[in-house]
Structures are given as structure tokens and as C-alpha cells.
Amino acid sequence: DKGIFIIQSEDSNLCIKADTDGLVLEDCGQLSKDMLWKWVSNRRLFNIGRSTCLGLNISRPEQPLSMLECDSTQYSLWWNCDGKALVGVSGYKLAIENSKRILAKKKSTHQWKQYMSYDEDLCEHPFQETYTLLGNSFGFPCIFPFKYNNKWYYECTRDGKEFEWCATTTHYEQDEKWGFCPNAESGCDIFWKKNPNTHLCYQFNLASVLPWRDARAACQLQGGDLLSVTDPEEQNYISNLSRQLNATDMMLWMGLNRLEEDAGWQWSDGAPLAFVNWRTDITDRHFKENRCAVINSKLKYGWQSFLCESGLPFVCKKYLNKTKHETLDTWKYYATRCDAGWYPHNRNCYRLHTEEKSWNDAFTSCQSDSSGLISISSMADAELLLKLLESENVTETWIGLYSNNTPVVFEWSDGTPVKFSNWHSQEPNTFQRTGQLCASALGPEGHWKLKNCEDRSSYICKKAGEFNNVSPELESSCPEGWERHGGYCYKIDSTPRSFEHASSGYFCPSALVSVTNRFEQAFINSMIRSMVKSERTYFWIGLQDLNNTGEYFWLSTEGKNRSVSYTNWNKYQPRHSGGCVAVRGQHPVGYWEVKSCKNLKAMSLCKQKINSYEEPELTFQKHLSSCYFGWESEANLLNCYKIFHNEKVLMRRTWEEAEALCQDFGAHLASFSHIYEETFLNNLLYTIFDRTEERQFWIGFNKRNLLSEGTWQWSDRTPVVSSFLESKYIEDDSRNCGVFKVNSTVFPAHCNEKREWICKIPKGVKPKNPSWYIA
């Protein structure tokens with residue numbers, strides 16, 4: 001799985017081979033090294049047999065295509081996919097002439113795919129950076145191919161050194177810039193320090209200078225993640241280790257971040273944030289803006305928020321025996337019996353008390369009822385908490401989380417170990433707080449917040465229920481072999497089939513899964529984890545664009561398309577329209593990808609409703625007819641739009657400034673929840689501006705979230721239902737903000753460019769009137 005592939009013509013089914021005069025088509029069965037290709041640094045395409053790169057010599061317009069030395073500077077070597085076309089500089093495409101020779105032409109409809117794949121285009125598995133360890137390159141990534149001893153290397157090598165290494169510039173002999181390559185083996189090799197008591201390993205990368213995201217990628221390439229510090233003992237171990245390594249004057253990246261929109265601080269490796277060690281002085285002025293954090297040895301190893309884009313050294317951590325993920329256990333359905341007035345859920349009983357008490361009084365009140373304040377140890381518990389809040393229409397409630405100690409270590413009042421955390425934005429904010437700390441949970445997301453323990457609030461008690469001899473009518477009521485979650489039963493059909501067969505209703509009775517929220521996705525992930533053994537496993541879900549409308553919908557049994565309320569796309573997805581969606585079995589588990597409906601044979605995720613379960617009525621918003629003054633819309637839309645263009649505003653803005661200005665109105669940058677909103681906006685722009693003007697506006701489309709590995713999202717959290725970008729832009733990793741151009745195209749741009757912009761607000765919501773705005 002080294003990213004090596006063979007290029008097959010979709011039309012002739014022959015494959016491309018590099019020979020002495022250029023490229024020819026050859027029978028795919030006649031395999032030779034000259035047919036093997038690999039993406040290398042800077043979007044170049046390397047031929048393994050010939051050790052050269054595919055390039056274009058534009059000064060030779062009659063036939064620019066040739067195989068060139070990979071360090072050639074006078075010719076263009078970069079390539080991109082546009083759907084299944086391969087496109088180079090000036091729009092030259094790879095084409096076939098006389099059914100044998102391969103040329104580059106500006107006009108060509110030839111389609112290419114990876115041989116022996118499920119109909120995948122050539123860019124489906126793009127080049128991944130390899131960040132170096134030690135060496136003399138500050139942790140910068142390898143450059144492939146690099147030249148050493150007159151040979152081109154397209155991957156790490158052991159030639160000349162005792163471990164795998166690479167050069168970080170093209171010519172090793174000239175620059176002698178290099179580093180060792182990370183390796184993903186399960187143990188802790190020479191680059192790691194192992195703590196024999198805890199079976200945890202640590203790696204201090206003190207000579208590196210990487211931003212948070214790249215530092216994390218360097219840890220993940222080795223089967224680890226950035227450092228998490230889960231208790232004072234681990235903090236001491238790290239402090240001692242950094243003294244031994246003379247790292248005492250450094251700020252080091254760790255995995256602590258608040259990159260998830262609307263959520264608080266969390267560890268990137270999924271460890272719970274229960275031990276909190278912010279530096280003691282309050283001069284962390286940028287605590288509110290910074291979204292990443294460092295461990296600072298000068299401050300007695302205190303933690304401090306820091307700007308994620310800064311280049312810093314970092315610490316990785318790796319679990320030797322990792323069973324960190326929620327197994328099916330936490331989600332498993334148990335029929336449970338409770339006393340009157342208590343809510344049964346998977347072996348426990350819960351009761352929400354709406355009369356408000358201080359934390360200690362609430363604690364005592366639960367005890368007198370032989371129960372304790374609620375503890376939350378998993379996503380399954382977090383979902384239950386939200387259900388209880390909704391059912392009683394309560395927005396905030398005490399939970400059993402508290403801390404009495406310095407340093408701050410949070411515990412559950414019922415003695416359950418802390419395995420999970422779910423903090424509110426800016427939390428846990430322990431600054432200027434002394435004595436006992438108490439936590440509450442807030443709707444609508446159930447995030448946790450620290451409050452004064454004397455404040456009065458609702459509270460939830462929890463006690464064990466009866467689940468052994470429960471009457472049969474409470475049993476899970478799912479057929480044999482199915483798992484229950486909420487009002488539905490789920491099963492994995494492990495026979496690989498095409499989407500058509502999987503969705504026929506015959507093998508997957510009722511329907512393929514439709515995923516409505518992050519809890520259902522987490523439940524499905526736990527089902528997948530309990531069975532997946534191999535790397536390339538996929539599972540069909542019911543999301544598809546079979547009619548090639550450009551928009552993805554849930555397939556439903558009644559034949560009506562249901563629109564999407566939640567998405568979990570992988571990086572660069574959805575790649576194109578007209579596909580069907582499958583969920584990955586591993587690396588990373590549960591993420592969605594568009595696949596070929598006909599050619600991919602995948603397992604299926606099945607879902608059926610329990611007979612007695614009543615689906616909640618969907619409340620359709622009434623179409624309010626009009627927008628507030630200055631905002632535009634039409635009858636069938638749910639939102640109003642406002643265009644901030646040069647004639648109206650004093651200056652253009654960066655994406656972030658534009659989003660903040662929209663938020664001043666209580667709005668966001670515009671998003672498209674359906675294709676027809678895009679059409680409306682386009683027509684609106686045509687009525688205001690001349691068609692020949694290439695006006696360009698910021699909209700809310702962006703991939704700025706460092707946690708989601710480059711997945712495009714809308715700033716107002718509208719689910720992404722279409723591959724809005726033209727496919728030639730899909731792989732671009734530096735342009736992270738979306739621009740809408742008059743003619744219905746969305747393209748990526750650098751977020752700090754200054755542009756005009758468009759805001760969007762739901763109909764019926766009155767826009768705020770910011771002080772800076774004069775209508």
C-alpha cells in the first residue's frame with residue numbers, strides 16, 4: 001500500500017506504459033515497472049520504472065508531453081484531476097491518439113482510472129507528507145523523489161544510514177538536509193522513551209519547528225498522537241523527562257485544543273480532560289482567541305494557550321496496549337426496570353429534579369433517595385443526558401463532576417473513574433477559582449461548564465436498575481443478531497454487494513442506515529469496530545445521488561428522498577456527484593466517502609424501526625413570506641441573504657473578518673443547504689451586476705478546522721450535501737476558504753485575501769443592528 005498505481009484508460013481498458021520515446025498504451029496484463037506510477041511532492045507524477053516525472057514542455061506546442069527529470073525547472077511537472085481527466089498547466093489534458101500513443105491536448109474527453117480499483121480516479125489516494133524525526137531539517141517533510149548517489153528515491157531508504165531516512169530537499173549531496181522517517185510499528189522503537197509502569201511511550205521532538213496540525217500528523221504517522229496529560233503523576237513524569245533532555249526552556253505542543261466549533265478544551269487522542277494544569281497567573285491574555293495549547297517548562301510545566309499556526313517543538317505519546325475506544329458495551333441495549341418516576345436506560349435509572357438546589361444539596365438529595373448525582377462516562381451517557389433535558393424542557397442541570405484539590409483533578413461523586421469529557425467552549429476555566437469546583441451540563445449539546453457550587457440548579461440522580469429478570473415485553477424487541485439503539489434495530493450484512501443489491505430491501509430488510517446525528521454515528525462506529533479486521537473495508541449507507549442531481553439525499557423506503565441533517569465526510573469528500581456513499585471501516589473509522597454504486601462491492605449497514613416506536617413528527621417551518629428590510633429572498637426559501645459589495649462597504653475583508661461581521665447581525669456567511677439556494681443567489685447577483693463582471697464573494701464554505709483533516713464545512717454548520725467545488729480544486733491544501741463566483745461556481749482561496757461577502761439569516765429571525773452599520 002505504498003500509493004503505487006497503474007493508469008488505465010476508461011475507454012480502451014488498456015494501461016499507460018512509459019517507454020524510451022514517451023507514453024504508449026499496453027495490455028494491462030503485461031505488467032512491468034514502466035507501468036507503475038506514484039504521486040510525489042508538489043503534485044508531480046513519478047514513473048517507477050523510468051525514474052522520471054510526467055511533464056509538459058509548453059514551448060513545444062505541437063507535442064508538449066514528455067517524461068522529464070524530476071528536478072527540471074524549465075518545464076511544468078504538476079498534474080491535477082478534473083473528474084477522471086488528468087490536467088496539467090494551461091489546461092492540457094492527457095489524451096490518446098491513433099488508439100496507441102498518449103499526448104497532451106487542450107480538448108480531450110479521455111477518462112482515466114486506477115487499474116484494479118473500484119473505478120477510482122487517479123487522485124483518490126493523494127500524496128501524504130512524511131514529517132521527519134531528528135536529522136537537521138527542523139522536522140520538515142521529506143521531498144520525494146530526492147537524488148542521492150545518482151539515484152532517484154521515491155520513498156524512504158536505509159541506504160547509507162542505519163534507519164529509514166529521506167532528504168528534505170531534492171539533492172541530498174548538494175544540501176545534506178535530511179531526517180529519519182516515522183514508522184507506524186506498534187512497539188516503541190529507538191525514537192521513543194517508555195514508561196515501564198504505565199506502558200506509555202513518549203517522544204520529544206525538540207529540534208522540530210512545526211505548526212500544531214503538522215506536529216499532530218507527525219505523531220499520527222507513528223501510531224501515536226500529540227501528548228495528553230491525564231493526571232499529576234503523568235505530569236511529573238513528563239517534567240522529569242524534559243529535565244533529563246534539557247528541554248527546560250521550551251514551549252512544546254501537546255494535544256490540548258479547542259478546535260471543535262462550539263466545544264471546549266479536549267485532548268486530540270480522545271483522553272478525558274479531568275486533570276487541569278493551566279499556568280497559575282492570569283496573564284494568558286489570548287486564552288479566548290487561541291485554540292491550541294503548549295506545555296511550558298518555565299512555568300513549572302504549566303499549560304498555556306497558544307496560536308495553532310506557530311512553529312514549535314512537540315511531544316508525541318503512544319499507548320502500547322490501546323483499547324481506548326468505546327466498544328459496543330457502552331451502547332449495548334439492556335431492558336431495565338425502574339421504580340415509578342424514574343427513567344430506565346441500559347441497566348440504570350435516572351430522575352431529573354426540576355426544583356433548584358446548590359450542588360451539595362443536590363448531592364445530599366440524591367443520596368437520601370439511595371442514588372447519586374449523574375456520572376457521564378461515554379457518548380451513550382451524553383445522549384441520555386440530552387434526552388432527559390429535552391423531556392423536561394430544562395436548559396441546565398448539575399452533574400456529579402467536582403474537584404476539591406490543587407492541582408485540579410475532577411472526579412465523579414459516585415466514584416466512577418473519569419473516562420470521558422465534554423466541556424463547553426472556553427471550559428474548563430479554572431482561573432481565579434479556589435475551593436470546590438462543581439460542573440453543570442447545558443443544552444442543546446450537553447456540554448459541561450464550571451459554576452459556583454452555591455448556585456442553584458436542577459439536578460439528575462442515577463441509581464442501578466433491575467435488568468436480570470425483566471418481563472419479556474421490555475426486551476429489546478429486535479430480531480436475533482440485531483443491536484438496538486433508540487427506537488431502531490441495526491445489523492451489519494457482511495456479504496459484499498453492489499449498492500443496488502444492498503439497497504433493494506431484500507438483504508437489508510427495511511433499509512440501509514440513514515444517520516441523523518453524532519450519537520447514532522458513534523453507535524455505528526462501535527458496531528463497525530467490533531467486527532472490522534482488514535484495512536479496506538467499506539459499508540454502504542443509504543446516502544446517494546443516483547440521479548446525478550449534484551445533491552446527496554437519504555434513500556427512503558417510500559421512495560421519497562429525505563434531506564440530510566448530519567454529515568461525517570472524510571477529507572476531500574464528497575468528491576463528485578452521481579455516486580453512493582460508503583462508510584470506512586478503519587483509518588479513520590466511520591468517515592463517509594463517495595464510491596461507485598455499481599463497481600464497489602461493500603458490506604451493508606441495515607436499520608429498521610421497532611414496531612411500537614413512534615417517529616417524532618418533523619416540524620416543517622412555516623414559510624414566512626418576507627425578509628427584514630435590506631435582506632433578499634424568495635417564497636420557497638427558508639433564509640434571507642444580504643450582499644456586502646464594493647458599492648456598499650468601505651473595504652473588502654478577509655474571510656474571518658467577513659464571518660465576524662455577519663455574526664454581528666446574528667447571521668453567518670452564506671451557506672447552501674440545497675442546490676436551489678445556490679441558483680437563487682446566482683440569479684440575485686445577475687440582477688445586481690453585469691453578467692460580464694467576474695464578481696467574487698466570500699461564503700461560509702471552509703476547511704479551517706484543523707481537527708477535521710481538511711473536510712469542507714459550512715460556518716453555520718449546515719450539512720454539506722454536494723461537491724460544491726469543481727473537482728480540479730479538491731486536493732488543494734493551502735486555500736481553505738470558499739468564494740462564490742457569479743456563474744454558480746465555488747472555488748477555494750487563501751482565507752486572508754480581502755473580498756466582498758454575502759451573509760445569510762433564517763427567515764423570521766430579526767437581524768441585530770450592529771453599531772458600525774448604517775443602513
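How many salt bridges does a search of the whole structure find? The search finds 27 salt bridges, where a salt bridge is a side-chain nitrogen of Lys or Arg within 4 Å of a carboxyl oxygen of Asp or Glu.

Before the examples, a word on the source: this is a predicted model, in which local features need pLDDT of at least 70 and side-chain atom pairs count only at pLDDT 80 or more, while totals for chains, interfaces and linings use all residues. Residues are numbered from 1 along each chain as its sequence is written, and side-chain values use heavy atoms, with hydrogens and water left out.

Let me begin with aspartate 34 and arginine 50, whose side chains meet in a salt bridge at 3.3 Å, N to O. The two residues are 16 apart in the chain, with aspartate 34 in the loop between strand E4 (22-26) and strand E5 (37-40), and arginine 50 in the loop between strand E6 (44-47) and strand E7 (52-56); helices (H or I, at least four residues) and strands (E, at least two) are DSSP runs, numbered from the N terminus. Aspartate 34 counts as buried because its relative accessibility is 15%, whereas arginine 50, at 34%, is partly exposed; the terms here are buried for under 20% relative accessible area, exposed for over 50%, and partly exposed in between, with a 1.4 Å probe and protein chains only.

The salt bridge between aspartate 262 and arginine 717 is 2.7 Å, N to O, and this pair links parts of the chain that are 455 residues apart. Aspartate 262 lies in the loop between strand E21 (251-257) and strand E22 (266-267), and arginine 717 in the loop between strand E47 (713-714) and strand E48 (737-741). Aspartate 262 is partly exposed at 40% relative accessibility, and arginine 717 is partly exposed too, at 44%.

Rings of Phe, Tyr and Trp (its six-membered ring) pair if their centres lie within 6.5 Å, with planes under 30 degrees apart called stacked, over 60 edge-to-face, and the rest tilted. By this rule the count is 46 aromatic pairs. One of them is the edge-to-face pair of tryptophan 278 and tryptophan 303, at 6.1 Å centre to centre and 80 degrees between the planes. Tryptophan 278 is in the loop between strand E23 (275-276) and strand E24 (292-296), and tryptophan 303 is in strand E25 (residues 302-306), 25 residues apart. Tryptophan 278 is buried at 7% relative accessibility, and tryptophan 303 is buried at 0%.

Tryptophan 631 and phenylalanine 665 form an edge-to-face pair as well, 5.9 Å centre to centre with 75 degrees between the planes. Tryptophan 631 lies in the loop between strand E43 (602-609) and strand E44 (639-644), and phenylalanine 665 in the loop between helix H9 (655-664) and strand E45 (668-669), so this pair ties together parts 34 residues apart in sequence. Both tryptophan 631 and phenylalanine 665 are buried. Elsewhere, ring pairs link Phe144, Phe146, Tyr148, Tyr153, Trp165 and Tyr172 into a cluster.

I will end with lysine 451, which lies in strand E34 (residues 447-451). Is lysine 451 buried or exposed? Lysine 451 counts as buried because its relative accessibility is 13%. Leaving aside neighbours within four places in sequence, lysine 451 is in contact (heavy atoms within 4.5 Å) with Glu396, Trp398, Arg433, Cys438 and Ser440.
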